[in-house]
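Please work through each task before reading its solution.

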Amino acid sequence: MIAQRIVMALAIWAVPALAASQTPGQRVVIAAGTLLDGKAGKLRDVSIVVEGGKIAAVEAKVGTKARTTAKAADYDLRGLTVLPGWIDVHAHITWVYGKDGKNAGMTGTTQEDAYQAASNAWVTLMAGFTTIQSVGAVNDLPLREAIAKGKIAGPRILTAVEPLVGKGEATGTPEEIRAFVKKQKEAGADVIKIFASQSIRQGGGITLSHEQLNAACDEAKKQGLRAVVHAYKDAVRAATLAGCTQIEHGTLATDEDLKLMAERGTYLDPQCGLVIENYMQNKERYVGTPGYTEEGFAAMEKILPMNHDLVRRAMKTPGLKVLFGTDAVAGAHGRNAEEFIDRVHDCGVDPMAAMVSANSLGAEALGLGQEIGTIAPGMQADIIALDGDPLKDITAVRRVVFVMKGGMVYKNVARGTIPEYAGVKP
Ligand SMILES: [Zn+2]
């Protein structure tokens with residue numbers, strides 16, 4: 001009898017908690033004092049109604065009604081800045097440090113590697129990123145599935161599975177390249193990643209012919225997939241002309257190249273700081289591992305100002321769609337938002353443009369513009385809140401105090417208590 005009462009008491013206690021945060025079918029109301037809608041719109045004193053994991057309504061409330069709403073709200077986020085969960089269109093979510101603490105890249109298969117990849121996903125979500133595009137690792141697949149099934153917490157993952165690495169003629173004939181693209185689609189790829197340039201650490205020269213690039217991007221299109229291309233210098237123009245969807249990095253692209261991209265509607269995903277800063281901060285973990293030499297690190301120091309210059313020119317190019325992608329590798333996961341600060345402080349990007357690049361524009365680039373990236377009825381309930389106003393002080397992006405993904409609340413901590421980098425040190 002006593003045991004039964006305890007069970008009953010527990011059940012009653014558990015239900016309200018579940019109703020608010022765990023049951024996507026339930027109606028949940030969020031009161032927001034300041035809302036950035038993801039499309040450069042700013043709303044005051046609204047309540048967001050979430051039902052079935054989606055946004056059912058965004059209701060404007062004024063005067064005394066606002067107080068009533070806030071009282072009735074399941075989550076009172078007034079005093080914070082509420083916005084759609086961020087989208088990082090370029091991460092390497094399964095890149096980890098190995099047991100020896102050194103860069104193990106993306107191919108780790110030990111238990112430690114798997115836990116680290118899961119940790120990367122967790123800290124990325126806690127940092128406010130509810131969707132990421134991971135551009136190229138077979139290991140992404142089980143992580144994507146585990147998160148999609150709700151087995152572990154993490155951002156929604158889109159993956160390229162295995163990237164096409166340009167090696168000149170050795171890459172293969174156009175037919176072989178088409179077969180490779182089809183193979184990725186069959187393996188479950190959401191996007192095709194193509195390397196059309198060497199690493200910038202090795203000079204960044206073009207590694208695919210026009211014929212090869214055409215085959216890769218055309219076949220991606222035929223398979224209903226987007227093609228994102230790692231490209232520097234003249235590879236930027238070549239990939240744009242080949243009809244590829246998106247250019248990654250883009251260092252040393254000319255103003256004419258950027259203009260062409262704007263005309264063709266090709267997205268640009270440049271990096272202003274985090275990826276190189278992370279390499280510098282963690283140099284001893286990278287030097288000596290495949291692809292990372294002392295010379296490469298010396299080159300990177302020179303590349304940082306070139307990237308600043310690219311972002312500045314890109315933002316001034318009329319009509320060019322500039323995305324938010326961090327290129328996060330081991331050491332940078334969970335610190336993705338640092339790239340916002342770099343963009344605003346070092347590259348002169350307007351803070352609202354920086355937010356939109358990781359909201360509606362990022363969603364559009366992923367082909368998910370009708371599902372995520374905006375706070376509006378019918379969209380997925382991916383909602384975050386910052387302790388501060390990023391439009392006035394961009395470092396507010398470090399203080400993510402609330403994270404909801406698909407109607408589930410994963411984080412809701414007291415404002416003023418958030419540790420810098422959300423507990424993740426560089
Ligand atoms: Zn990358």
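**Exercise 1.** Identify the residue in strand 9 that stands opposite Val 165, and state where strand 8 is placed in its sheet.

*Solution.* Step 1: Val 165 faces Phe 195 of strand 9. The model is predicted, so local features require pLDDT of at least 70 and side-chain atom pairs pLDDT 80 or more, whereas totals for chains, interfaces and linings use all residues. Residues are numbered from 1 along each chain as its sequence is written, and side-chain values use heavy atoms, without hydrogens and water.

Step 1: Strand 8 and strand 9 (residues 191-195) run parallel and are joined by two bridges; strands pair if DSSP finds at least two bridges between them. Strands are DSSP runs (E, at least two residues), and helices are runs of H or I of at least four, numbered from the N terminus.

Step 2: The open sheet has the order 8-9-10-11-12, with parallel pairing. Strand 8 (164-165) and strand 12 (267-269) each have a single partner strand, so one side of each lacks a neighbour in the sheet.

**Exercise 2.** Classify the aromatic pair formed by Tyr 97 and Tyr 286.

*Solution.* Step 1: Rings of Phe, Tyr and Trp (its six-membered ring) pair if their centres lie within 6.5 Å; planes under 30 degrees apart are stacked, over 60 edge-to-face, the rest tilted.

Step 1: Tyr 97 and Tyr 286 are 6.1 Å apart centre to centre, with 70° between the planes, and are edge-to-face. Tyr 97 lies in the loop between strand 5 and helix 3 and Tyr 286 in helix 10, so the pair ties together parts 189 residues apart in sequence.
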